[in-house]
Amino acid sequence: MASFEYDPKKVVVVFVLGGPGAGKGTHCAHLVEDYGFVHLSAGDLLRAEQARPGSQYGQMIADYIKDGKIVPMEVTISLLRNAIQQALRENEASQREGWGDGKGRFLIDGFPRKLDQSHKFEESVCPAQMVLFLQCSEEIMLERLLRRGETSGRSDDNIESIKKRFRTFVETSMPVVDYQRSQNKVIDVDAKNPVDQVYKDISKAMDAKFKQIRNSM
């Protein structure tokens, strides 16, 4: 018997995956505006917790991020769970036609980054209805990240940390994509194209997937 916190017919979760610099944040911003999602960036939540005065996890998170390593899943899942709860409390009346007693839609950006994270989140919090996977070459992603690093102020937007993040993504995150693909949840989008074209491809694929999900309810 399922023991997750939220009914997937009421809380819609979409994982947004792709290598560093694939454009996850950019396209999530458009999806928030057009589809009524709440955007939860795992990286942003971790950086906010790192900066929070008195955080017991702050230094640990800083060390993991600097080394391009994956923060322990208990910390990340706890932050995501809290963010979902807060968003639902703030917007209890948010409902979308066709989603029953829908309470909210969430884009979870940059998570899960390991297969055990995927299993743990879907077993304890809420199953993901779909996974948006932005495919992009490391060459293009590196160029984008170095350009972003000129203004972002992020400690991990440097070539050494970026290469570590690429390696971590290939070794630990691609198995998540492969598993979710076996569950028929993955939407593949070529993210090397111009931003407008990529978003058109995302919208078309998501509309088709939403229709399929609604028809199966």
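Trainee: What should I know about the model before we start?

Mentor: This is a predicted model, in which local features need pLDDT of at least 70 and side-chain atom pairs count only at pLDDT 80 or more, while totals for chains, interfaces and linings use all residues. Residues are numbered from 1 along each chain as its sequence is written, and side-chain values use heavy atoms, with hydrogens and water left out.

Trainee: How many helices and strands does the protein chain have, and what pattern does the chain follow along the sequence?

Mentor: There are 8 helices and 5 strands, where helices (H or I, at least four residues) and strands (E, at least two) are DSSP runs numbered from the N terminus. Read along the sequence, they follow the pattern β-α-β-α-α-α-β-α-β-α-α-β-α.

Trainee: Why is the protein chain called as compact as a globular protein of its length?

Mentor: The radius of gyration, taken over C-alpha atoms, is set against the globule rule, which is 2.2 Å times the number of residues to the power 0.38. For 217 residues that rule gives 17 Å, and the radius of gyration of the protein chain is 17 Å, close to the rule, so the chain is as compact as a globular protein of that length. Along its principal axes, the C-alpha trace spans about 45 × 40 × 30 Å.

Trainee: What makes strand S4 largely enclosed by the rest of the structure?

Mentor: A residue is buried under 20% relative accessible area, exposed over 50%, and partly exposed in between, with a 1.4 Å probe and protein chains only. In strand S4 (residues 130-135), 5 of the 6 residues are buried, so the strand is largely enclosed by the rest of the structure. Across the protein chain, buried residues make up 45% of the 217 residues.

Trainee: How do you know that S4 pairs with other strands?

Mentor: Two strands pair if DSSP finds at least two bridges between them. Strand S1 (residues 11-18) is joined to S4 by 5 bridges, and the two run parallel; S4 and strand S5 (residues 186-190) also pair in the parallel sense, over 5 bridges. Among the bridge partners are Leu17 with Phe133 of S4, Gly18 with Leu134 of S4, and Leu132 with Ile187 of S5.

Trainee: Why is S1 described as mostly covered, and which strand is joined to S1 by 6 bridges?

Mentor: Under the cut-off for buried residues, 8 of its 8 residues are buried. Val11, Val13, Phe15 and Leu17 point one way from S1, whereas Val12, Val14, Val16 and Gly18 point the other way, and all are buried. The strand joined to S1 by 6 bridges is S3, which runs parallel to it, and Val14 has Leu107 of S3 as its bridge partner.

Trainee: Why does Gln129 count as buried, and what is Gln129 in contact with?

Mentor: Gln129 has 11% relative accessibility, so it counts as buried, and it lies in the loop between helix H5 (115-124) and S4. Contact means heavy atoms within 4.5 Å, and, leaving aside neighbours within four places in sequence, Gln129 is in contact with Pro8, Val11, Val12, Val13, Lys185, Lys209 and Ile213. Ile213, placed in helix H8 (residues 195-216), is also buried, with a relative accessible area of 11%.

Trainee: Is Asn184 buried or exposed, and how do you know?

Mentor: Asn184 has a relative accessible area of 52%, so it is exposed. This residue is found in the loop between H7 and S5, and it has a positive phi of about 60° although it is not a glycine. Most residues other than glycine have a negative phi, and most peptide bonds are trans. A cis peptide bond joins Phe111 and Pro112, with omega about 0°, and Pro112 is found in the loop between S3 and H5.

Trainee: What makes Tyr64 partly exposed?

Mentor: Its relative accessible area is 28%, so Tyr64 is classed as partly exposed. Tyr64 is found in helix H3 (residues 58-66) and touches Lys69, Ile70, Val71 and Pro72, not counting residues up to four places away in sequence.
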